Amino acid sequence: MSSLSIAILFLTGIGFLGFGAAAALSPTRIAALTQLVLPTPSSRADFAATYGGFQLGFGAFLVACTQTQGWVEPGFWAAVAALSGFALIRILGILRAGGRVQSAIWIGLALEVSGAALNLWA
């Protein structure tokens, strides 16, 4: 496995960790990027757990994959599966909205597609 491939997986993990930390620590601010409103403590706690907790756990897993013998390839497939799933459903949402979505949605799609492609290539 090349060091470039491992760096791609590592950076993917760091990306998940960064987004997860932001969502966990500032759920209202992150939700607002896509016009989501979190009006109650329960909604903020659920958003932080779903968007923050999962992303933190998955990011930690991907980083661990870069450090553990035999985990690199499964890490790539996990990253490809997760990013492709996000991208597919985001595309369906964009189509359902007739393309009338905020720029944050398009940016998310670009990150997901490029991340999936890079991990598939690696």
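An axis here is a line fitted to a helix's C-alpha atoms over the stretch in contact, and the angle between two axes runs from 0 to 180 degrees between their N-to-C directions. With that in hand, let's walk through this predicted model.

Start with helix 1 and helix 5. Their axes come within 9 Å and cross at roughly 145°, and the crossing is left-handed. Who's doing the touching? On the helix 1 side you'll find Leu4, Ile8, Leu9 and Thr12, while helix 5 brings Leu118, Asn119 and Trp121. Sort the residues of this contact by class and you get 5 nonpolar, 2 polar and no charged.

Now look at helix 1 (residues 3-25) beside helix 3 (residues 41-67). Here the axes come within 7 Å and cross at roughly 160°. Angles over 145 degrees count as roughly antiparallel, so helix 1 is roughly antiparallel to helix 3. This crossing is left-handed, and the contact has 19 nonpolar residues, 7 polar ones and no charged ones.

The largest pocket holds about 1,000 Å³. It is lined by 32 residues, and the closest to its centre are Phe19, Arg90, Gly108, Leu111 and Glu112. Which elements give two or more residues to that lining? They are helix 1, helix 2 (27-32), helix 3, helix 4 (72-96) and helix 5 (103-121). Helix 5 supplies the largest share, with 10 residues.

Methods:
Residues numbered from 1 in each chain as written. Predicted model: local features only at pLDDT ≥ 70, side-chain atom pairs only at ≥ 80, totals over all residues. Heavy atoms only, no water. Helix = DSSP H or I, 4+ residues; strand = E, 2+ residues; numbered from the N terminus. Parallel < 35°, antiparallel > 145°, perpendicular 65-115°, else oblique. Left-handed = near helix turned anticlockwise from the far one by under 90°. Nonpolar A, V, L, I, M, F, W, Y, C, P; charged D, E, K, R; others polar. 1 Å grid on protein atoms, 1.4 Å probe; cavity = no way out; pocket = protein on both sides within 12 Å on 5 of 7 lines; lining within 4 Å. Points joined across faces, edges and corners; volume = space filled by probe spheres on them. Contact = heavy atoms within 4.5 Å.
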